[in-house]
Amino acid sequence: MNNPEVVMIGLGYIGLPTAALIASKSVYVHGVDVNPNVVETINQGKVHIVEPELDYAVAKAVEDGYLKASETAVEASTYIIVVPTPFKAKNEPDISYVEAATRGLIQLFKAGDLYIIESTSPVGTTEKMMSLIYRERPELKDKLHIAYCPERVLPGNVMYELVHNDRVIGGVNEASTQKAIAFYQKYIKGALHPTNARTAEMCKLVENSSRDVQIAFANELSLICDKADIDVWELITLANKHPRVQILQPGCGVGGHCIAVDPYFIVSDFPMESKIIGAAREINNYKSFWCVEKIENAKLQFELLHKRKPKTAIMGLAFKPNIDDLRESPAKYIAQKILQNAQNDVHFIVEPNIESYPSFKLTDYKIAVEQADIVAFLVAHDAFKTITLSDDKVVLDFCGILK
């Protein structure tokens, strides 16, 4: 492999597809990940995550010699940070991974290089990293191009959306913004919208917070309708007939590493101002508790009626339909709580998009439904839509799959 033009720090759900996309344009990409198993898998031309078309893109990029992975960075002209930004206690965002990734690059930087953060970050993170870089390398002050450009892709359609979705690009100065735009123009067909780094950082957080608020409204409706003995799915369908109303569908909570997480970046920094955003997070978290209670109550009622403990099928663990991603999944949380409360109860845990999971023994969905007395749908996977349920089953539909 020739000297790389791009170094990609982080080869997860966003970093690896982005690296494969860039490499597909005959650009040498050096991917970096702290997990040696991930590095080995990629260098074999294989993938460690499930994403349509990604396996082919990675295999071709590695075979053609344009993509290589390792545990350490090398010199390039463009560096992209796509590492996790987890939380400390009390939902405070932790940018230590971004800082560690940046520190690992500082001695590689040279005048004219482009440094981009794509990781979801609190407002001001890009400027903090700029200060860190110039503190360690004062001779490079104002000689690097530093920008923030968040991804906005949908798991299950990442390879398409990376290319076709619009992007917001914010530099620490105008030259950095334009340098980053020139870079992304080589790979992206969507419009590139220039701004400053702080606005770009907030834009990412606001996009997902907006979705969280909208979902919270639907989830709150589901709680109200349950008490009012109203079919929430029918209600939303009818309300959406209004030309200026578009209510989303309720579920068992909100998951994923974006919508369930990003609002906390705002709430943490602006606690007095983010009332609606904070309340939406509480509602969506509560919905998962509520689902657990519903399942436990159904089990108790079954036992009182039939004088035996029921067998319960928990249908779905992923945070959304038809993917293998369990990050921040409310369904996974619900399954964990149900199993924690179990004594000698029989439970079938179902997730058709993964082969195994350390915390659960998985059961084929057809076997689970056939043997279960109670069937609780948490995720509307397409596979579940083919299921035929007999009249003797107690069905709890938390995701609208029967509608």
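Glu303 is partly exposed in this predicted model, with a relative accessibility of 31%. Its salt-bridge partner is Lys309, and the closest N and O atoms of the two lie 3.7 Å apart. Lys309 is partly exposed as well, at 36% relative accessibility.

**Other salt bridges**

Side chains of opposite charge can pair when their charged atoms come close. Across the whole structure, a search finds 21 salt bridges.

| Pair | N to O distance |
|---|---|
| Glu303 and Lys309 | 3.7 Å |
| Glu136 and Arg103 | 4.0 Å |
| Lys403 and Asp231 | 2.9 Å |

Lys403 counts as exposed, because its relative accessibility of 62% is over the 50% cut-off. Asp231, at 27%, counts as partly exposed.

Glu136 and Arg103 also meet through their side chains in a salt bridge. This pair links distant parts of the chain, with Glu136 in helix H5 (residues 125–136) and Arg103 in helix H4 (residues 96–103), 33 residues apart. Glu136 has a relative accessible area of 41% and is partly exposed; Arg103 is partly exposed too, at 40%.

**Inside the fold**

Now to the nonpolar side chains. The largest nonpolar core holds 43 residues, of which Ile22, Leu67 and Phe183 touch the most other members. Elements giving two or more residues to this core include strand E1 (6–9), helix H2 (36–43), strand E3 (67–70) and H7. Helix H1 provides the largest share, six residues.

Which residues are in contact with Ile22, leaving aside its neighbours within four places in sequence? They are Val6, Met8, Val27, Val29, Ile80, Phe183 and Tyr187. Another core, of 27 residues, lies apart from the largest one, and its members include Trp290, Ile295, Ile334 and Leu378.

Phe183 brings us to helix H7 (residues 174–184), where Ser176, Thr177, Ala180, Ile181, Phe183 and Tyr184 are buried. Viewed down the axis of H7, these buried residues fall within an arc of 160 degrees, so they line one face of the helix.

Terms used. Residues are numbered from 1 along each chain as its sequence is written. This is a predicted model: local features need pLDDT of at least 70, side-chain atom pairs count only at pLDDT 80 or more; totals for chains, interfaces and linings use all residues. Side-chain values use heavy atoms; hydrogens and water are left out. Buried means under 20% relative accessible area, exposed over 50%, partly exposed in between (1.4 Å probe, protein chains only). Helices (H or I, at least four residues) and strands (E, at least two) are DSSP runs, numbered from the N terminus. The arc is that of the directions from the helix axis to the C-beta atoms. A nonpolar core is a set of buried Ala, Val, Leu, Ile, Met, Phe, Trp, Tyr and Cys residues joined through side-chain atoms within 4.5 Å. Contact means heavy atoms within 4.5 Å.
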